[in-house]
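Colleague: I am new to this one. Please show it to me, and then I will ask.

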Amino acid sequence: MKKTLVVLLVSALVMTLAGVGQMATTTIEFWTAPNPFQEAFWSETVKEWNSTHPDQQIKWQVIPAGNSSEEVVLTALATGTGPDLSTNIFTGFAAQLIENDFLVPFNQFDGFEELLKARSMENIVKNGWGFNGNYYVLPLYTNPMAYWWNKDILDELGYDVPRTYGDVLKLAANYNDPGKQKYTLLVRYEPAWWDRWYDFCLSYLANSGGKPYWDSEKVLFNDEHALKYMEFIDQLFRKKYAPIESFQDPLQKGIVLGSIEGPWNINYTKEAYPDFKYVIAPPLVPDDYPADQPVHTFADTKGMVMLTKNKQKQAVAWNFIKWYFSDIRHDAKWLEMTNMLPSREDVLERKEFAEYLSANPQLAEYAKLLPYSVPPALNSKTIELQTKLNEVLWEPVIYGKKTPVKAINDAEKELNKIIKQ
Amino acid sequence: MVSGGASLPLFPKNRVSNLWTIWFDNDIRFICCVERGFLGGSQMRKNLIERKPFKQKKLIGYLFSSPFITFTLVMWIYPFLWGIVISFKKWNLISPRQTWVWFENYIGVLKDPLLWLMVRNSIYFMVVFITLTTITSLVLALLIKQIPKKYAGFFITGFLLSYVASGVAYSMVFNLLFAGDGLVNNLLKIIGVKVGWFTDPKIAMASIAMIVCWKFTGYYGLFFLAGLNNINPTLYEAAVIDGANAWQRFTKITVPLLNATFVMIIVFATITSFNLFTEPYMITNGGPMNATRTMMLEIYHRVFALLQAGYGSALAIVSAIITFAFVWTFRKLIEKDDIYDT
């Protein structure tokens with residue numbers, strides 16, 4: 001009888017302790033970008049964290065498939081199935097989430113300032129990622145956008161890499177032949193709102209020396225910088241120097257000579273088109289832009305945000321963030337696995353990145369643009385603004401329905417209406 | 001594509017008494033039609049039920065209907081009513097704050113020039129889609145009717161595959177096929193023609209209609225086949241004796257006696273036209289120049305990209321009313337009750 005009692009008590013104790021052990025384990029949901037290279041990186045990184053932190057587990061998954069990550073995250077949040085921690089958040093979307101009280105400011109946690117210094121991102125965070133005196137996003141990577149030019153064809157033609165709009169038009173006059181599928185420049189016509197980052201926004205930043213195209217109060221782009229670019233776009237389409245049909249990999253196939261590309265295409269091009277030779281150059285500028293001045297570009301930059309309101313989960317998420325951002329090995333591994341530049345001020349200086357960049361000269365070209373890379377202009381209505389920008393400015397000019405001047409005036413009027421709503 | 005539609009009285013009650021099931025999706029419509037057209041099982045079921053006492057019959061009826069009734073309540077009635085409530089509110093979907101704005105969203109929808117552009121796009125799609133699909137599915141049914149019955153199943157199944165294929169997958173395939181350097185344009189290049197299938201605002205919607213036609217040909221062909229099987233063969237024999245040629249037999253017997261099928265297909269095709277979503281979402285995203293923007297696409301964009309749940313719901317209600325108006329008008333124009341009794 002006594003034996004039975006002892007066995008029962010011991011069993012009860014073991015079960016209780018196991019239960020306590022279970023209860024002590026906190027698990028958070030972590031979502032990352034739906035990109036195969038990032039997926040591989042986070043899979044390994046989360047596995048490393050989970051194996052060394054048995055009481056602070058991370059349940060990781062990529063953001064489910066959808067038209068855009070933003071839509072998927074919003075839908076998940078609306079249905080109460082959103083993550084506790086997520087990457088792939090740009091500034092405008094973060095502002096939208098902040099307005100709806102979804103994000104947790106990182107500066108309320110102990111060790112925030114030390115973390116910014118440890119990762120060498122103090123200036124980056126404080127100069128582009130602050131909202132009402134708080135910091136809700138920690139930038140993960142910065143992808144400056146740049147032009148790619150087909151080196152073989154340019155060499156064959158005896159032309160230098162175009163620097164200005166005039167250079168492109170001269171080159172096109174001697175090269176372009178739509179009948180033979182020979183176009184000069186790829187200009188994306190897709191109506192997706194984010195596409196306007198890579199053409200209109202990028203070129204406005206380039207022409208204006210990095211001036212924002214709008215802020216939270218009003219539109220700022222109705223000036224000569226936007227006009228010069230839209231006149232260039234108008235000429236490209238009127239003279240058929242840019243194709244209106246869709247092609248798969250038109251640059252790599254030699255259908256166009258130049259195109260705006262992000263560093264994520266380097267690895268893909270290396271694998272799919274190993275013989276394709278290209279030159280990476282800063283954005284095109286108007287003819288009167290001084291040749292000795294640096295050219296700014298748009299930076300596709302995304303960060304990490306915390307969404308959980310549960311204090312226990314917040315503690316786990318913050319511990320993970322500190323662990324991830326304070327160790328330069330993670331950024332070095334990120335660079336190697338994703339070919340995307342970490343959002344650090346010391347990328348060009350640290351030996352941890354030097355070896356990889358010297359072995360990958362194309363990415364090193366992108367790294368040189370980092371000091372002149374500007375993140376998206378801050379506005380919580382970015383998606384609505386860029387949807388309207390496409391509707392009243394971009395497509396009407398491409399399809400010859402409006403003059404650039406009228407399109408810009410209309411866009412200013414319509415976008416200001418949205419901002420003031 | 002065809003999501004839950006409105007509860008439209010699509011068929012005369014004396015014709016198909018239990019067709020309240022057509023509220024839902026194409027599969028349920030299909031089951032009802034096949035049941036009536038081919039299987040002739042309704043009489044057998046009637047006999048079985050009639051043997052039971054009235055109360056028991058009622059209970060069995062509710063028992064068998066309960067999954068459907070539950071589904072209707074949860075998946076249709078609740079969201080439908082909630083959608084109506086939301087359409088009178090300003091709500092950004094993710095915030096607990098919801099403000100009553102009453103008719104403000106409806107006024108916004110009706111004042112937006114995009115609404116009429118989307119209606120125009122849907123009518124354009126409808127004209128191309130109904131014309132193409134009616135022809136292709138009727139021709140398909142006529143061809144299948146000619147072949148021996150033991151082989152017919154193979155062809156029916158083959159053509160139905162496009163209907164059950166994933167909209168996302170085939171949209172991607174068609175996008176590649178119709179690209180500037182895709183197979184179709186490469187073939188056309190031989191005769192010196194190049195078409196911007198999805199980039200020319202004038203023809204982008206027609207290209208989408210062609211893809212949707214590819215999807216529905218086998219499915220609508222099955223309806224026509226059921227209709228053809230229901231035509232009494234003695235009518236053709238009599239016509240032959242009277243000296244009618246093949247064309248006269250087709251126009252004087254086949255087409256009039258397929259009136260019910262035509263009505264049904266035009267009703268379904270009209271709903272498809274106003275509910276079009278997957279193909280433009282995947283291929284053109286509403287462009288170029290809003291030429292392929294549909295009401296469903298705009299509802300999705302408003303609610304999930306711009307977080308305007310109230311506006312999106314109001315647009316959904318307006319869209320349902322417009323769809324109903326078109327369906328009702330078509331029924332009035334083409335439905336001929338006297339042919340049913342022939």
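Colleague: Over which residues of chain B does pLDDT stay under 50?

Modeller: This is a predicted model: local features need pLDDT of at least 70, side-chain atom pairs count only at pLDDT 80 or more, and totals for chains, interfaces and linings use all residues. Residues are numbered from 1 along each chain as its sequence is written, while chains are lettered from A and ligands numbered from 1 in the order in which they are written. pLDDT is the predictor's confidence in each residue, from 0 to 100. The model has 50 contacts beyond four places in sequence (C-beta atoms, placed from the backbone, within 7 Å) for the stretch under 50, residues 1-41 of chain B.

Colleague: At what angle do helix 14 and helix 15 of chain B cross?

Modeller: Axes are lines fitted to C-alpha atoms, for helices over the stretch in contact, and angles run from 0 to 180 degrees between N-to-C directions. Helix 14 (residues 295-305) and helix 15 (residues 309-334) of chain B come within 7 Å, axis to axis. The two are therefore roughly antiparallel (over 145 degrees). Their axes cross at roughly 165 degrees.

Colleague: How many nonpolar residues are in the contact of helix 14 with helix 15 of chain B?

Modeller: Among the residues that meet are B:Ile299 in helix 14 of chain B and B:Leu315 in helix 15 of chain B. Ala, Val, Leu, Ile, Met, Phe, Trp, Tyr, Cys and Pro count as nonpolar, Asp, Glu, Lys and Arg as charged, and the others, Gly among them, as polar. The contact has 2 charged, 2 polar and 7 nonpolar residues.

Colleague: Which helix supplies the largest share of the side of chain A that touches chain B?

Modeller: The contact takes 23 residues from chain B and 25 residues from chain A. Helix 16 (382-398) and helix 3 (69-78) of chain A each supply at least two residues of chain A's side. The largest share, 5 residues, comes from helix 3 of chain A.

Colleague: What does the model score for ipTM?

Modeller: There are two scores to quote. The pTM is 0.81, and the ipTM is 0.80.

Note on methods:
Helices (H or I, at least four residues) and strands (E, at least two) are DSSP runs, numbered from the N terminus. Angles under 35 degrees count as roughly parallel, over 145 as roughly antiparallel, 65 to 115 as roughly perpendicular and the rest as oblique. Two residues are in contact if their C-beta atoms, placed from the backbone, lie within 7 Å.
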